[in-house]
Amino acid sequence: MTTTAIINLDLPGPVISRHVYGHFAEHLGRCVYGGFWVGEDANVPNIRGLRADVVEALRALRIPNLRWPGGCFADTYHWRDGVGPRERRPRMVNSHWGDVVEDNSFGTHEFLDLCELLGAQPYVSANVGSGSVREMAEWVEYLTRADDSPMAALRREHGRDRPWRVPFWGIGNESWGCGGNMRAEQYASLARHYSTFVRDQCGNEVYRIAVGPSDGDYAWTETMMRSFDDLVANPAAPFQALSLHHYTMTGSWSDKGAATRFTEDEWYVALSRASRIEEYLTRHSTVMDRYDPHRKVGLVVDEWGTWWNVEPGTDPGFLYQQNTLRDALVAAVHFHAFHRHADRVVMANIAQTINVLQAMLLTDPDSGALVRTPTYHVFEMSTGHHDAASLEVHLRDVPAIESDGRELELVSVTASTTEDGALVSLANLDISASVEVVLDLRGPTARCRGARILTAASPASHNTPRTPSAVAPVAFDGVREHPRGLLVELPPHSYVTAELQLT
Ligand code: AHR
């Protein structure tokens, strides 16, 4: 079967914010400690305690924003414990993740240093569950005030003269669950209250993200939108966006499925469940439209990705999992949905950057080796979509199967344009069959400047310290001229990006 993708190259749609390619680093397992942070005295080369090879690898992804310190951890975190001389910082118990003792050696200054090294904008997830309004307000003051306010003076005492720019503020996390088990009405009132004290100061404009729903909890979205209906049109509205969380697994929360040993059926179930993001975005957005028809309130998908059973022999509380070509295609399915909803989805954060859940990088605790995962590569191949104008793609004759009680289309195509170029990304979700895609390109003349492919012999292929490039992008020669534009021959389980020159 030949699939056709009609793309009007001269009809740019809403801009795909680079922030939908955001990341997430929680104090969880070996994400912060042993991932980003090794300390200044470590044997592994580091920049002020931050792993140098990690920083270098992530800079290639042009990470637009980094969310920290949680997740569930955020609603147990008291920022004052993580500033000042490290040897004097108090300890705490990380009750959500492994019940381990946290020494707070990675705190506010270390996080902001990391963001500066990565060139990423900070997204601070602040404590509503066990914190106070004052604590949150003082954190904003500490980070962003330039004058001699009490918190700015404290920051200077701790070695940082200039304030930081911290645009993104999360008002709690999963308040319907680990963030306090609240009812929607209860949290909505608290969100209005807390957000009021997260203020613009000294030229730092804050973008406040209130806790939104998980998956298809439309009632939560409805309550949140209704709760500040009187304020949506007000420029001083207490929050500018709602979050949405969606995790992909093939089983249930008690047995989520294995990361690398999966059947053909589980391959499709994972992709089918990942593709539910399309329905969630559409339906939450429809609920929001009733209160906010001009789409001023954003959706921030600040946790998404695969969640598998932990690798055998690792701490169940540390959420360490391997990452295959299947994970890379799960990521592609999300990117394509974010692009289609560029007018509502302003930001997203994959969970999580290193050694936790669907990571970009894995570090070997024994040898210290650093491995780039297939998901890393799909992010890197997609950097051309950052801040580009979305292009609508109309697909015809798409092969589809039934999986997990739903129809799963096996070909996904997205496209964006900047100045005289366009980037087309194509995913073939079929585990064993190749597919031909005709790119029916309307408008300017398009020539393929180059293409790359991410695939491997086995759909379960993954990278390890011994085989770090089992799944890595290579140049692709399967894009040819066609009377309608271009013809792409997509091998099974593959992801292709084609750069077009427009004249
Ligand atoms: O990403 C892991 C956890 O998943 C986060 O801490 C929490 O917000 C979610 O339940």
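The model is predicted: local features need pLDDT of at least 70, side-chain atom pairs count only at pLDDT 80 or more, and totals for chains, interfaces and linings use all residues. Residues are numbered from 1 along each chain as its sequence is written, and side-chain values use heavy atoms, with hydrogens and water left out.

**Around the ligand**

Let's start with the ligand. Among the residues around it are F24, W97, Y247 and W307; a residue is near a molecule if one of its heavy atoms lies within 4 Å of it.

| Residue and atom | Distance to an oxygen atom of the ligand |
|---|---|
| E26, polar side-chain atom | 2.7 Å |
| C72, backbone N or O atom | 2.8 Å |
| N173, polar side-chain atom | 3.0 Å |

The protein buries 95% of the 280 Å² that the ligand exposes when taken alone (Shrake-Rupley method, 1.4 Å probe).

**The pockets**

A pocket is an open set of points on a 1 Å grid over the protein atoms alone, where a 1.4 Å probe fits, with protein on both sides within 12 Å along at least five of seven lines; lining residues have an atom within 4 Å of a point. The largest pocket has a volume of about 660 Å³, the space filled by probe spheres set on the points. Its lining has 26 residues, with E278, A337, R340, E409 and S412 nearest the centre.

The second largest pocket has a volume of about 240 Å³. Of its 17 lining residues, G384, A422, L423, R449 and E499 are closest to the centre.

Methods. Polar contact = N/O pair within 3.5 Å; in protein donor to acceptor, adjacent residues only side chain to side chain.
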